[in-house]
Amino acid sequence: MELKIVEYPDKKLKEKSLEVKNFDENLHKLLDAMYPLMIETNGIGLAAIQVAHAKRVLILNIPDEEGEQPKDNLIEMINPLVTKKEGDAIYQEGCLSVPGFYEDINRFESVCVNYQDRFGNTKYMEADGLLSIAIQHEMDHLEGILFIDKLSYARRKKFEKEYKRVCKEKKEKK
Ligand code: QAP
Ligand code: CO
């Protein structure tokens, strides 16, 4: 399966993703293609809508203490649902769909999530730290929400101006 990262301001990123009902080969092929793309592009999390598939699918691979991302640490979440959220945290986030930009975003400190694995088995996870932030960021993608949508009006305007400038520079280099 040939996948490409959809970049802001593509309207595709605003789509609400649909519940997965079939845990079949199509789903497995998508998941198996998302992982190498995420690693190649230096990502720690990726939602299916970022590769133009509007399915409630996300993958996470948080680096360990050595900064490595072994495939053993890969988490695949299908149809995730937050059942509990606690505390506040601010983290400087980025996104493969908004390359080169990082902003401080308010999140919950910890979350509890119900989800399914690639076979449709029900799973439960309690997360805090970077994993909790990543889950919240990727779950926002399923609703068509980007981290830059959470900025104040003033910060968002500043972002738009900078992003347009950088996009123009990239175009001129080509
Ligand atoms: C979401 O983000 C996330 O701009 C995953 O040039 C963000 O993998 C989870 C990336 C913050 C937790 C905390 C971004 C790679 C990767 C870039 C990513 C870039 C290259 C972002
Ligand atoms: Co993202």
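This is a predicted model: local features need pLDDT of at least 70, side-chain atom pairs count only at pLDDT 80 or more; totals for chains, interfaces and linings use all residues.
Residues are numbered from 1 along each chain as its sequence is written, chains are lettered from A and ligands numbered from 1 in the order in which they are written, and side-chain values use heavy atoms, with hydrogens and water left out.

Ligand 1 sits in the largest pocket, a pocket being an open set of points on a 1 Å grid over the protein atoms alone where a 1.4 Å probe fits, with protein on both sides within 12 Å along at least five of seven lines; a molecule sits there if more than half of its atoms lie within 2 Å of the grid points. Around ligand 1 there are 19 residues (a heavy atom within 4 Å), of which Gly-43, Ile-44, Gly-94, Gly-100 and Tyr-102 come nearest. By class, this shell holds ten nonpolar, seven polar and two charged residues, where Ala, Val, Leu, Ile, Met, Phe, Trp, Tyr, Cys and Pro count as nonpolar, Asp, Glu, Lys and Arg as charged, and the others, Gly among them, as polar. Helix H2 (129–142) and strand E4 (89–93) each supply at least two residues of the shell, and the largest share, five residues, comes from H2; helices have at least four residues and strands at least two, both being DSSP runs numbered from the N terminus.

Polar backbone atoms of Ile-44 and of Gly-100 each lie 2.8 Å from an oxygen atom of ligand 1. Taken alone, ligand 1 exposes 500 Å², of which the protein buries 86% (Shrake-Rupley method, 1.4 Å probe).

Cys-95, in the loop between E4 and strand E5 (103–107), and His-141, in helix H2, are 46 residues apart and link distant parts of the chain.

Most peptide bonds are trans, and most residues other than glycine have a negative phi.

Technical notes
A polar contact is a pair of N or O atoms within 3.5 Å; within protein, one must be able to donate a hydrogen and the other to accept it, and residues adjacent in sequence count only if both atoms are side-chain atoms. On a 1 Å grid over the protein atoms alone, a cavity is a set of points where a 1.4 Å probe fits but cannot get out, and a pocket is an open set with protein on both sides within 12 Å along at least five of seven lines; lining residues have an atom within 4 Å of a point.
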